[in-house]
Amino acid sequence: MAGSTEAHAATGTTGSTTAPTTASTTASDEPALRAAISDLSHPPATSAQLRVDRRGDHWYGTAGAADLVSGRAVRPDDRFRAGSITKAFVATVILQLWAERRVELNAPIGRYLPDLLPSAFSRRITVAQLLNHTSGLPDHRGLPDDSTPEGVVRHRWDRWTPREWVETVTHDPLKFDPGATQEYRGINYVLLALIIERLTGRPYGQAIESRVLRPLGLARTLLPGQDPRLHGPHVHGYLRMTDGSLRDITVYNQSSAWGEGELVSTLDDLSRFQRALFSGALLPPHALDKLFTLPPDSVRMLDGTPARYSLGLQKATVNGVTFWGKTGEGYGYRTRMFATRDQRLRFVLSYAPTPLTTQEEMTNRVVAVLTA
């Protein structure tokens, strides 16, 4: 049930290794990790699951229920909406195409998407600037009001085409000179998905399937398109209404997240993708390096803080430990997938928060344990 303080855990070993005495082992972290995901009040959530891999040892734990009606516990092969984790898959395919010399990262996007954007945009913005969120594209105009949970529910069946979504950012000038500043924007990856389609001649989801999902055996990961349902065993997402009631928000048309946030996956599949990506199974070394290269120091976020997005991932340093990975969220779902570059420490966290906006309390608790 929601708010349960019980966490179910399983530990195992994926290989023999001897951890330095200066670093805590997964086994010794187990009670603290269990406690970190068991607090389903901060933030309010109906379930959580976490997988940690550290130097060959792994730990998996759950809390709460995948479905409040049945009370069933979460399982590692349960599907959930992984949100912007989608971007890591899109970036992987773009970098594969670059390694194949089918796309130039420094080329203007108008070369691949003619007549889609105003000429001032398509001539000045490069493919790389989409990847690392330095495009300067203006804010959206004309989007539905999703500032309240009731508004989210009201618009859950809305259908958008990618071109309709792109059109909403064409009404104002660029916010800043492309390449000068960094601002995280989903629209950048909508355009990258369209570039994939232009270069491969097929839907971007099919390109991801043939280049990433099938080679890695990620059988429970998919791009749903216009299908609003989660099929097979899955985690339900819930949204707290303004009257305090909970609304099941699992069924949701993801067309507004096309290309940048529609991925459906599982904890097991994301862990396998993470391992393969960082190990170089999907990209040659010169392309893999792009995932771990930030813009020059002169490039800052809009708020003046250092840039933190590479050509597909984001960087975060906690207690002296530097992680690379991706965050993802949608209504009723939140996922965090991070690892050190050498993969001595990896984790995937997925939970089901119920507020419309949620603080990072659970993620912070997990990371604090892992970097203590």
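Which residues form one aromatic cluster with F278? The cluster consists of F278, F292 and W324.

## Basis of the model

The structure is a predicted model in which local features need pLDDT of at least 70 and side-chain atom pairs count only at pLDDT 80 or more, while totals for chains, interfaces and linings use all residues. Residues are numbered from 1 along each chain as its sequence is written, and side-chain values use heavy atoms, with hydrogens and water left out.

## Aromatic pairs

A search of the whole structure finds 9 aromatic pairs. Rings of Phe, Tyr and Trp (its six-membered ring) pair if their centres lie within 6.5 Å; planes under 30 degrees apart count as stacked, over 60 as edge-to-face and the rest as tilted.

One of these pairs, W160 with W165, is edge-to-face, at 4.8 Å centre to centre and 90° between the planes. W160 is buried (under 20% relative accessible area; exposed is over 50%, partly exposed in between; 1.4 Å probe, protein chains only), with a value of 17%. W165 is also buried, at 12% relative accessibility.

Y204 and W258 form another edge-to-face pair, with 4.8 Å between centres and 70° between planes. This pair links distant parts of the chain, 54 residues apart: Y204 belongs to helix 8 (residues 204-216), and W258 to the loop between strand 7 (246-248) and strand 8 (263-265). Helices (H or I, at least four residues) and strands (E, at least two) are DSSP runs, numbered from the N terminus. Both Y204 and W258 are buried.

## Helix 11

In helix 11 (residues 361-370), the buried residues are M362, T363, V366, V367, V369 and L370. Because they cover an arc of only 155° around the axis, they lie on the same side of helix 11; the arc is that of the directions from the helix axis to the C-beta atoms.
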